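Kindly read each one against the structure shown here.

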Amino acid sequence: MSMVRGIPFEAAGTVRTLAFTTAAMVRYQRAAGETLIAGVLAVERDGFDAERVGRIVNAGLGGKLTEEEVFALIDAVGYTEAIRLIGRAFKEAFPVPEPTAAPDEAGEPAGNGAGVSETTPTP
């Protein structure tokens, strides 16, 4: 059983999952001539690029829908919502780890400890 990280959404009475798997990333790159990350960043930066958004959505839905079916889904959820779903699916596929505390914040000494002795008082 495969656990795919994706974002479920409903469009035109059907629940689908937008997921940026490795296969989706390759599928998008072959179709677009750019990486999925470059495509998502371009949509974020430039906003309106319906063709790029359609390719991203199609790749994230498995690449089996026709162009018209993909565009109909985007129209059903709305262009702004489609972009929001892309963003959510992208974050789900590429989670950012929580930052860990820096050594000095965790109560550990910074540096290598050279020149510090337990018998030498600190000012």
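**Aromatic pair, salt bridges and a helix crossing**

1. F90 counts as buried, at 17% relative accessibility; here buried means under 20% relative accessible area, exposed over 50%, and partly exposed in between, with a 1.4 Å probe and protein chains only. F94, at 28% relative accessibility, counts as partly exposed.

2. Basis of the note: this is a predicted model, in which local features need pLDDT of at least 70 and side-chain atom pairs count only at pLDDT 80 or more, while totals for chains, interfaces and linings use all residues. Residues are numbered from 1 along each chain as its sequence is written, and side-chain values use heavy atoms, with hydrogens and water left out.

3. The search of the whole structure finds 1 aromatic pair. The ring centres of F90 and F94 are 4.8 Å apart and the ring planes stand at 50°, so the pair is tilted. For this assignment, rings of Phe, Tyr and Trp (its six-membered ring) pair if their centres lie within 6.5 Å; planes under 30 degrees apart count as stacked, over 60 as edge-to-face and the rest as tilted.

4. Across the whole structure, 5 salt bridges are found, a salt bridge being a side-chain nitrogen of Lys or Arg within 4 Å of a carboxyl oxygen of Asp or Glu. Side chains of opposite charge can pair when their charged atoms come close.

5. In helix α5 (residues 79–93), E81 and R84 are 3 residues apart, about one turn of the helix. Helices (H or I, at least four residues) and strands (E, at least two) are DSSP runs, numbered from the N terminus. E81 and R84 form a salt bridge whose closest N and O atoms are 2.7 Å apart. Both partners count as partly exposed, E81 at 25% relative accessibility and R84 at 41%.

6. A separate set of salt bridges, through shared partners, joins E34, D49 and R52 into one network. Within it, the closest N and O atoms of R52 and D49 are 3.1 Å apart. R52 is buried, with a relative accessible area of 14%, whereas D49 is partly exposed, at 25%.

7. R52 lies in helix α3. Leaving aside neighbours within four places in sequence, R52 is in contact with Y28, E34, G39, A42, V43 and D46, where contact means heavy atoms within 4.5 Å.

8. Helix α3 (residues 50–60) also holds R55 and E51, 4 residues apart, about one turn of the helix. Their side chains meet in a salt bridge, at 3.4 Å from N to O. R55 is partly exposed, with a relative accessible area of 24%, and E51 is exposed, at 54%.

9. How do the axes of α3 and α4 cross? The axes of α3 and helix α4 (residues 67–77) come within 10 Å and cross at roughly 100°; the two helices are therefore roughly perpendicular to each other. Axes are lines fitted to C-alpha atoms, for helices over the stretch in contact, and angles run from 0 to 180 degrees between N-to-C directions. Angles under 35 degrees count as roughly parallel, over 145 as roughly antiparallel, 65 to 115 as roughly perpendicular and the rest as oblique.

10. On the α3 side, the contact is made by A50, V53, G54, V57 and N58, and on the α4 side by V70, F71 and I74. These residues divide into 6 nonpolar, 2 polar and no charged. In this scheme Ala, Val, Leu, Ile, Met, Phe, Trp, Tyr, Cys and Pro count as nonpolar, Asp, Glu, Lys and Arg as charged, and the others, Gly among them, as polar.
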